[in-house]
Amino acid sequence: MRALAVLAALAAAPPVLEGLGAGFWVVTLSRALIFALAAMALQFVLGRGGLVCFGFAAFMGIGAYAVGIAYAQGVEDALVVFPLAMLAAGGFAALTGLVALRTRGVHFIMITLAFGQMAYFAVTALSAYGGDDGMTLWSRSTLGGFGWIEGRWPFYYVALGAAAGAWALLRALGASRFGRVIDGARQNPARMAALGFDVRRAQLAAYALSGALGGLAGALLANHAEYLSPAYMSWRRSGELIVMVVLGGAASLGGAGFGALVVVALEEALSGWTQHWRIAMGLIVLAVALFAREGLAGALARLRR
Amino acid sequence: MSLTLLAVQALNGLQLGLLLFLIAAGLTLVFGVMDFINLAHGAQYITGAYLAVFFYGHTGHFGAALGLALLAALALGLVLEALVYRRLYHRPHLDQVLATFGVILILTEGARALFGPSPLSLPRPEILSGAVPLMDGLNYPVWRLAIIAAGLAAALGLWLLVRRTRLGMQLRAGADDAEMIGALGVDVARLFRAVFGLGAMLAGFAGAMAAPVLAVEPDMGDGVLILAFVVIVIGGVGSIRGALAAALLVGLVDTLGRSLSTDVARLFLSPSAANDAGPAVASMLVYVVMAAVLFARPQGLFPVKAQ
Amino acid sequence: MSVLAVEGLRKRFGALTATDGVSLTVAPGEVHALIGPNGAGKTTLIAQIAGALTPDAGAIRLMGRDVTRAPVFARARAGLARTFQISATFLDMTARENAALAAQAFARRPLNPFSAVARDGALNAAAEAALALAGLAGRGDVRARALSHGERRALELAMALAGRPRLLLLDEPMAGVGRDETHRLTETLRALRGKVAMLLVEHDMGAVFALADRVSVLVAGRIIATGAPEAIRADPAVRAAYLGEDG
């Protein structure tokens with residue numbers, strides 16, 4: 001029921017903010033919701049699955065570039081480019097997952113980092129699509145030729161819908177037999193194999209799905225900013241996503257979404273304050289890692305006891 | 001492509017490889033002995049480069065700048081170890097990743113704040129500037145040869161350290177079972193500090209040596225750090241021998257790949273398409289090699305920890 | 001046809017030959033115990049049969065099917081269930097959830113993303129049955145972390161039984177268990193005799209002689225004797241291996 005309350009609050013946000021004269025915050029909130037979508041997708045593999053993926057930004061970037069490249073070819077219909085983005089990102093996740101999931105622990109972290117960089121450099125070299133400078137979209141994705149998400153509010157509700165949909169999907173998945181296997185594989189993969197589960201196949205499926213959702217987030221981000229660049233795929237972005245998940249509480253799906261909101265809001269606030277806001281961000285990240293490891297969900301749980 | 005050009009690129013590849021080895025060696029040692037994944041290792045590299053520039057500006061003498069930069073890199077490493085890393089040795093890797101990510105955000109932005117975002121440069125020392133003729137029509141910069149020599153010396157030094165000294169023995173035992181050697185009376189905290197300091201100095205040294213040939217800027221650590229990770233993953237996490245082999249492989253593949261890719265692409269594509277595809281493929285080449293190695297041997301070429 | 005047939009298994013680690021041409025069989029419903037002094041290579045042998053290690057030479061057949069190079073999960077699905085020497089239950093789940101997870105592997109759609117587990121009647125029923133078989137009826141709602149050591153060993157057994165295996169690989173099930181619970185576990189296993197074949201690795205001689213139909217003795221990677229428990233007890237080679245030449 002808490003979920004419905006949150007959804008209602010988020011749905012009511014635009015008119016409320018407009019009424020308070022802070023209508024521009026809807027833009028930031030849209031961005032936060034997009035990252036919430038990505039963070040929740042990451043939480044499924046990282047928090048539930050125990051797979052510390054340090055290349056998640058690549059999935060977002062691929063989704064964004066799917067939109068951009070399609071746009072450059074004259075294809076703008078959302079019903080085409082959004083699934084395309086998900087397919088491209090999910091496909092990349094499946095292919096790299098085939099190699100990465102043969103490893104464990106630190107190896108996995110470093111390999112996903114490396115694959116993320118591979119995507120980053122590949123895209124930087126695509127001078128046809130802006131290379132290092134990136135690419136501007138002169139309009140957002142359309143639906144039946146109609147610019148349905150050009151406006152601030154329509155886009156917000158689309159982003160909210162996507163995030164809410166992803167939350168519901170991941171929640172149901174987590175409660176399913178598939179989710180149990182992912183849980184068990186995190187705790188003791190050898191035991192799961194001995195029980196008769198094809199752990200690698202399950203993890204690959206989770207990884208690919210997570211990647212596809214990341215691609216959707218990337219497609220939305222490209223539309224939101226009407227701009228895409230290799231920076232979307234940088235390892236710093238991957239790190240930020242991990243921070244969002246951990247901040248909210250790595251074991252909590254909703255927490256990841258909340259963590260995303262907090263990080264985006266923080267970055268917005270800090271960057272307005274100083275040019276070197278990353279130092280403050282770094283200190284916060286460090287503090288969380290050292291002292292608040294359980295994240296906000298953990299702190300809440302402790303307060304309740 | 002002419003033989004001369006190929007030879008030059010091969011030497012460049014060797015140089016890059018040895019530079020990567022200096023960085024990767026510290027990274028893999030720290031992981032092997034302390035089971036600690038340090039994303040902020042690149043900061044040591046940047047420190048070496050920036051401080052070399054800084055001290056050169058104040059002393060006008062390259063040798064002094066190098067020495068001071070090394071000491072400062074060591075000091076920074078030890079301070080970080082004492083303040084932050086020490087608390088993370090027994091924590092899950094995710095915590096280590098998170099914390100060192102925070103550190104690198106602070107340090108790179110700090111470098112940008114202190115020195116500005118524009119690239120800085122460091123002139124080569126007089127006696128080691130210029131080029132020497134290596135073969136007919138091939139003049140190779142002395143400084144790059146110096147880097148190669150320094151890298152090889154460091155590799156030899158590390159080998160001697162690990163195989164022939166008491167510290168090396170503790171290192172090898174500690175990589176196996178740190179708790180055990182602690183119980184046997186070895187000062188494990190001091191060993192960890194020594195390993196950390198060694199790694200920090202090697203990376204700082206690499207940074208200072210690279211400064212005259214590369215642009216010194218806040219983001220210079222990024223590409224190099226990721227490559228260092230690729231190196232230790234290919235070589236086998238915890239193995240210095242693996243780090244050397246993999247570093248040379250990566251250095252050569254990357255350098256030769258970049259110089260040859262456009263030409264190879266031209267064999268199959270139109271010149272304009274090749275100009276695009278060539279660099280794109282080149283940048284991905286190292287990762288493709290990494291994927292191929294890992295597909296066959298997920299633990300790397302010279303796995304250390306028995307799984 | 002034997003449930004398990006190991007033929008000429010060989011495994012070397014550098015200069016050490018841990019498994020030196022081992023052959024043994026387990027007949028349907030039989031309890032076959034594997035004993036041997038420390039360092040004999042029992043753990044390595046079990047690891048190869050379970051699939052955690054790949055042998056250098058030889059073959060392993062499960063119900064006639066060659067599984068020598070099959071991955072661990074494939075052997076489980078072929079009817080091989082194992083318990084671990086160090087309890088590998090999922091500590092944060094309840095006993096029933098552990099057993100249900102084990103049963104899930106053999107359900108029609110083990111990776112089904114659409115079925116909620118919490119209220120899955122079929123899985124919970126199978127879980128309860130397995131718990132009952134292992135003597136844990138009524139303890140289903142207790143978190144595995146809160147179970148006693150002996151109960152956790154019983155849970156290991158329940159998880160192994162949940163999939164209705166043809167062969168149980170029991171890796172020192174009595175390890176670290178107190179006298180009362182050892183007795184209870186032995187009775188549980190005795191009740192299973194004839195229903196499922198077992199390869200039992202154990203140091204506890206009381207359990208071995210109470211349960212085993214046949215005993216094989218592993219010394220330095222080789223089987224030096226196989227036979228009925230009484231015959232093994234009297235075998236001079238076995239006595240020599242355990243007690244030294246003057247035993």
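## Chains in contact

Two pairs of chains are in contact, and chains A and B share the most contacts of these; two residues are in contact if their C-beta atoms, placed from the backbone, lie within 7 Å. Chains B and C do not touch, and their nearest C-alpha atoms are 11 Å apart.

The model is predicted: local features need pLDDT of at least 70 and side-chain atom pairs count only at pLDDT 80 or more, while totals for chains, interfaces and linings use all residues. Residues are numbered from 1 along each chain as its sequence is written, with chains lettered from A and ligands numbered from 1 in the order in which they are written.

## Chain A with chain B

The contact joins 38 residues of chain A to 35 residues of chain B. On the side of chain A that touches chain B, the elements giving two or more residues are α5 (105-124), α10 (235-248) and α12 (277-291) of chain A. Helices (H or I, at least four residues) and strands (E, at least two) are DSSP runs, numbered from the N terminus. The largest share of this side, 13 residues, comes from α5(A).

By class, the side of chain A that touches chain B has 27 nonpolar, eight polar and three charged residues. Here Ala, Val, Leu, Ile, Met, Phe, Trp, Tyr, Cys and Pro count as nonpolar, Asp, Glu, Lys and Arg as charged, and the others, Gly among them, as polar.

## Chain A with chain C

This contact takes 18 residues from chain A and 24 residues from chain C. On the side of chain C that touches chain A, α2 (72-77) and α3 (95-104) of chain C are the elements that give two or more residues. The most come from α2(C), with four residues. That side of chain C divides into 18 nonpolar, four polar and two charged residues.

## Fold of chain B

Chain B has ten helices and two strands, in the sequence pattern α-α-α-α-β-β-α-α-α-α-α-α. Its radius of gyration, taken over C-alpha atoms, is 20 Å, close to the 19 Å that the globule rule gives for 307 residues, so chain B is as compact as a globular protein of that length. The globule rule is 2.2 Å times the number of residues to the power 0.38.

The C-alpha trace of chain B spans about 65 × 50 × 35 Å along its principal axes. Of the 307 residues in chain B, 51% are buried, a residue being buried if 20 or more other C-beta atoms lie within 10 Å of its own, exposed if 12 or fewer, and partly exposed in between. Among contacts in chain B between residues at least 6 apart in sequence, 75% join residues at least 24 apart.

## Domains of chain C

Chain C is divided into domain 1 (1-79 + 165-247) and domain 2 (93-162), with bounds from an automatic or database domain assignment. Their C-alpha centres lie 26 Å apart. Eleven residues of domain 1 and nine residues of domain 2 take part in the contact.

On the side of domain 1 that touches domain 2, helix α6 (residues 179-192) of chain C gives the most, with four residues. By class, this side has six nonpolar, three polar and two charged residues.

## The largest nonpolar core

A nonpolar core is a set of buried Ala, Val, Leu, Ile, Met, Phe, Trp, Tyr and Cys residues joined through C-beta atoms within 7 Å. The largest has 301 residues, and those touching the most other members are A:Leu37, A:Ala114, B:Ala52, B:Val230, B:Val231, C:Ala130 and C:Ala158. Helix α1 (residues 3-34) of chain B gives the largest share of this core, 16 residues. Domain 1 (1-79 + 165-247) and domain 2 (93-162) of chain C both give residues to this core, so the core lies between them.

Not counting residues up to four places away in sequence, C:Ala130 touches C:Ala99, C:Ala102, C:Ala103, C:Ala158, C:Leu161 and C:Ala162.
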